[in-house]
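Please consult the sequence and the structure shown here while reading.

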Amino acid sequence: MEITTFSRLNSMTKGGYIYILSNQHNTTLYIGVTSNLVNRIYEHKTKKYNNSFSAKYNLNKIIYYEFFTSIEEAINREQYLKGKKRIYKEQLINSINPQWKDLWHNIQDCI
């Protein structure tokens, strides 16, 4: 597993990302996978799919993400994390983002 650096966001690599979203009060978590992190988070923030789980629960704060060199690795990691209890996910988030700040501005600045 490799935590991405912001410079990888513009990389031409055909890898993938897993990400965790939450709402303003951090009561609900959502784990997703994408090959284009910036675009996918923008879709969540703008509620592009207004009937989706993330739109319904106002999950528009990205609090964690990881980069993988292949989309298959990212999908496997997503499935692994979805099978874990919330406490495991909280520990993972706290390991890199203990204040659960929205990382969107860091990601968006890399466009």
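Residues are numbered from 1 along each chain as its sequence is written. As the model is predicted, local features need pLDDT of at least 70 and side-chain atom pairs count only at pLDDT 80 or more, while totals for chains, interfaces and linings use all residues; side-chain values use heavy atoms, with hydrogens and water left out.

**Strand pairing**

- Strands (E, at least two residues) and helices (H or I, at least four) are DSSP runs numbered from the N terminus, and two strands pair if DSSP finds at least two bridges between them.
- Strand β1 (residues 16–22) pairs with β3 in the antiparallel sense over seven bridges.
- Ile 18 has Glu 66 as its bridge partner in β3, and Tyr 19 has Tyr 65.
- β1 also pairs with β2 in the antiparallel sense, over six bridges; there, the bridge partner of Ile 18 is Val 33.
- Six residues lie between the strands in the hairpin of β1 and β2, where Asn 26 takes a positive phi near 60 degrees.

- Axes are lines fitted to C-alpha atoms, for helices over the stretch in contact (heavy atoms within 4.5 Å), and angles run from 0 to 180 degrees between N-to-C directions.

**Burial of β1**

- Seven of the seven residues of β1 are buried, where buried means under 20% relative accessible area, exposed over 50% and partly exposed in between (1.4 Å probe, protein chains only).
- Gly 16, Ile 18, Ile 20 and Ser 22 point one way from β1, whereas Tyr 17, Tyr 19 and Leu 21 point the other way.

**Ser 22**

- Ser 22, found in strand β1, counts as buried because its relative accessibility is 0%.
- The side chains of Ser 22 and Asn 26 are joined by a polar contact of 3.5 Å; such a contact is a pair of N or O atoms within 3.5 Å, and within protein one must be able to donate a hydrogen and the other to accept it, with residues adjacent in sequence counting only if both atoms are side-chain atoms.
- Leaving aside neighbours within four places in sequence, Ser 22 is in contact with residues including Thr 28, Leu 29, Asn 60 and Ile 63.
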